[in-house]
Amino acid sequence: MAPLDDSLQGGAKLIHEIEIFLGVFIGTGPFLIALAGVDLYGGSPSRYRLAATVVYVVGVVGVTALGNVPLNEGLAAVDATTMSPGTWQDYAEPWLRYNHARALAGAVASGLLTLALLHPAQGAS
């Protein structure tokens, strides 16, 4: 079981080393927040864009920070040579739930942003 566990731990570490991924993944939240601020300040906020911001920040960034990252850090702290199958199951089940939630939130946010582009008048309050 050690080679599989080593690769899982390595994958969790590798994602932190890919700067372009982290820049896009983490940078999207502040970008959407700034865009929402411009919308609100300009007096014509798009409900679609505001909803996309909330969905992305809470459902993607929030779930990642509060769910997936602590699980990844816990897995990284385990000695792969002594990891039991129960350790993996304790990690995988919640991680997959969080990952599905992130994927769904990202898809919903993308759909809302698409609606904001295609129908700006309907999305404005």
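**View A. R49 sits in helix α3 of this predicted model**. Start with this arginine and look at how much of it is covered. R49 counts as buried, because its relative accessible area is 19% and the cut-off for buried is under 20%. Which residues does R49 touch, once its neighbours within four places in sequence are set aside? They are L35, D39, L113 and A116. R49 also belongs to the set of residues through which α3 meets α2, and so do L35 and D39 on the α2 side. That meeting of helices gets its own close-up next.

**View B. Helix α2 packs against helix α3**. Here α2 covers residues 19-42 and α3 covers residues 47-76. Their axes lie 9 Å apart, at an angle of about 150°. So α2 is roughly antiparallel to α3, as angles over 145 degrees count that way. As for handedness, the two helices cross in a left-handed way.

**View C. Here are the residues that make the α2 and α3 contact**. From α2 come V24, F25, T28, G29, L32, I33, L35, A36, D39 and L40. From α3 come R49, L50, A52, T53, Y56, V57, V60, V61 and T64.

View D. Is A34 buried, partly exposed or exposed? With a relative accessibility of 45%, A34 is partly exposed, since that class runs between the 20% and 50% limits. For a sense of distance, pick out T53 as well: from C-alpha to C-alpha, A34 and T53 are 9.6 Å apart in space, while 19 residues separate them in sequence. T53 is one of the α3 residues in the contact with α2.

**View E. W88 and Y91 form a tilted pair of rings**. Both residues belong to helix α4, which spans residues 85-118. They are three residues apart, or about one turn of the helix. The ring centres are 5.4 Å apart and the planes meet at 35°, so the pair counts as tilted. How covered are the two partners? W88 is partly exposed, with a relative accessible area of 25%, whereas Y91 is buried, at 10%.

**View F. Y91 also pairs with W95, and this pair is stacked**. The distance from centre to centre is 6.4 Å, with 25° between the planes. Y91 and W95 are four residues apart in helix α4, again about one turn of the helix. W95 is partly exposed, and its relative accessible area is 21%. Taken together, the ring pairs link W88, Y91 and W95 into a cluster. How many aromatic pairs does a search of the whole structure turn up? It finds two.

**View G. Step back, and the protein chain shows five helices and zero strands**. Reading from the N terminus, the order of elements is simply α-α-α-α-α. The chain has 125 residues, and buried ones make up 28% of them. Now take the contacts between residues at least 6 apart in sequence: 76% of these join residues at least 24 apart.

Technical notes. Residues are numbered from 1 along each chain as its sequence is written. This is a predicted model: local features need pLDDT of at least 70, side-chain atom pairs count only at pLDDT 80 or more; totals for chains, interfaces and linings use all residues. Side-chain values use heavy atoms; hydrogens and water are left out. Axes are lines fitted to C-alpha atoms, for helices over the stretch in contact, and angles run from 0 to 180 degrees between N-to-C directions. Angles under 35 degrees count as roughly parallel, over 145 as roughly antiparallel, 65 to 115 as roughly perpendicular and the rest as oblique. A crossing is left-handed if the near helix is turned anticlockwise from the far one by less than a right angle, and right-handed if clockwise. Contact means heavy atoms within 4.5 Å. Rings of Phe, Tyr and Trp (its six-membered ring) pair if their centres lie within 6.5 Å; planes under 30 degrees apart count as stacked, over 60 as edge-to-face and the rest as tilted. Buried means under 20% relative accessible area, exposed over 50%, partly exposed in between (1.4 Å probe, protein chains only).
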